[in-house]
Amino acid sequence: MYILVAGGGKVGANFARTLLKDGRHEVTLIEQRRDRFIRLEREFEHQIQLGDATEIYVLERAGIARPPDVVAALTGDDEDNLIISQLAKEKYGVPKVIARVNDPRNQAHFDLLGISPTVSATRGLMALIEHEVPEHDLVHLLELRKENLEIVEVQIDERAPAAGKRVEQLDLPEGSRLISIMRNGHAEIAVGATELQAGDQVLAILQPGKEDELRKVLLKS
Amino acid sequence: MKALVIGCGRVGSNLALQLDREGWDVTAVDEKEEALSRLGDHWTGGFVLGHGMDTDVLREAGIEDADAVVVATDGDNTNIVIGQVAQQRFDNQCVVVRVLDPARAEFYRQRGLRTICPTSVAIDVLLDSVRACEVRPAETATT
């Protein structure tokens with residue numbers, strides 16, 4: 001595959017390095033800062049170019065018009081990553097664009113402009129912490145951004161209003177559904193007759209923003 | 001009529017002052033506090049300290065009921081993103097965006113963003129000035 005990587009910082013350079021090590025890809029890395037470029041050029045040689053990847057002529061010099069199979073916008077600047085992604089997708093028809101989100105508050109802008117998938121270190125860390133720290137009663141396992149759905153896990157304890165009830169008796173929020181119940185190490189698909197018990201780990205699929213409603217039905221009275 | 005001017009540097013501040021003189025209710029946004037001093041001691045319009053990428057800042061500055069939004073920070077990409085947010089998220093009908101790079105200005109103009117490129121304007125004016133010199137052909141100078 002031909003992969004164009006914008007941004008030669010720690011994230012971009014390591015991503016490009018890993019791809020090249022794989023041996024199956026053609027990679028071009030674009031770095032704007034001259035000092036960083038000179039340091040990386042020793043390693044990447046002809047596979048790195050100096051320039052601002054939000055400039056159209058720089059992208060064209062790096063072969064964006066071919067177009068690449070993947071463009072990864074991994075600079076430390078969210079505005080730049082947004083513009084690179086839009087140019088790649090909409091001007092050159094790049095089939096797959098991945099963008100890095102540095103400040104999680106900018107995620108909404110990426111969503112608004114249809115840039116997906118995005119990667120965010122902060123979001124990844126938060127998901128890990130949620131998973132590891134038990135006071136988070138509802139854990140985000142997977143975000144299906146394009147589908148506007150997410151998969152979460154909740155733990156039913158003995159005080160939970162859902163304990164002892166069948167799935168069909170629950171007043172689940174619209175746009176949500178229970179997927180499976182994990183009990184004593186065994187998982188089963190949740191159907192209407194499935195009875196929830198204390199200690200169950202329940203997987204649910206729902207539209208983002210419905211977490212609190214789901215929490216109310218399953219966990220808090 | 002309410003106008004929002006995002007980026008209160010040399011361009012933004014003078015634009016804000018001019019709109020104010022023309023009777024607009026103007027709020028300027030800039031991430032630097034010094035920017036307020038560009039508006040002078042008698043500024044009676046609004047000023048919000050913060051970054052235009054922050055939607056809370058935009059709301060505080062009144063983007064939801066602004067009749068016009070001018071985006072003129074010193075970053076092309078920042079301006080393009082804020083302009084699209086104003087247009088698409090806040091459904092603002094009059095959004096004008098300063099973009100110094102002619103290539104990006106043209107691409108986003110085609111996509112429906114009203115971009116103004118001072119570089120292209122400068123090139124046109126400079127060209128016209130050169131043409132206006134009426135330089136004679138070289139051979140007439142040697143005779």
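Leaving aside residues up to four places away in sequence, A:H109 touches A:L82 together with B:M53, B:T55, B:V81 and B:V85; a contact here means heavy atoms within 4.5 Å. This is a predicted model, in which local features need pLDDT of at least 70 and side-chain atom pairs count only at pLDDT 80 or more, while totals for chains, interfaces and linings use all residues. Residues are numbered from 1 along each chain as its sequence is written, chains are lettered from A and ligands numbered from 1 in the order in which they are written, and side-chain values use heavy atoms, with hydrogens and water left out.

A:H109 lies in helix α5 of chain A, which covers residues 107–112. Helices (H or I, at least four residues) and strands (E, at least two) are DSSP runs, numbered from the N terminus. With a relative accessible area of 2%, A:H109 is buried; the term means under 20% relative accessible area, with exposed over 50% and partly exposed in between (1.4 Å probe, protein chains only). The side chain of A:H109 reaches the backbone oxygen of B:M53 at 2.6 Å. A:R34 is 75 residues away from A:H109 along the chain, and their C-alpha atoms are separated by 29 Å.

A:V101 sits in the loop between β5 (96–100) and α5 of chain A. A:V101 is also buried, at 2% relative accessible area. Not counting residues up to four places away in sequence, A:V101 touches A:D78, A:Q107, A:F110 and the run A:T118, A:V119, A:S120 and A:A121. Between the C-alpha atoms of A:V101 and A:L128, 27 residues apart along the chain, the separation is 17 Å.

In chain B, the loop between β4 (68–71) and α3 (76–89) holds B:T73. B:T73 counts as buried because its relative accessibility is 16%. Its side chain makes a polar contact with the side chain of B:N79 at 2.6 Å. A polar contact is a pair of N or O atoms within 3.5 Å; within protein, one must be able to donate a hydrogen and the other to accept it, and residues adjacent in sequence count only if both atoms are side-chain atoms. Beyond four places in sequence, B:T73 touches B:I6, B:G7, B:T78, B:N79 and B:R98.

Chain B as a whole has six helices and six strands, in the order β-α-β-β-α-β-α-β-α-β-α-α along the sequence. Its radius of gyration is 19 Å, well over the 15 Å that the globule rule gives for 143 residues, so chain B is more spread out than a compact globule. That radius is taken over C-alpha atoms, and the rule is 2.2 Å times the number of residues to the power 0.38. The C-alpha trace of chain B spans about 70 × 40 × 25 Å along its principal axes. Of the 143 residues in chain B, 44% are buried. Among contacts in chain B between residues at least 6 apart in sequence, 45% join residues at least 24 apart.

Chain A has seven helices and eleven strands. The C-alpha atoms of chain A fill a box of roughly 65 × 30 × 30 Å, taken along the principal axes. Buried residues make up 43% of the 221 in chain A.
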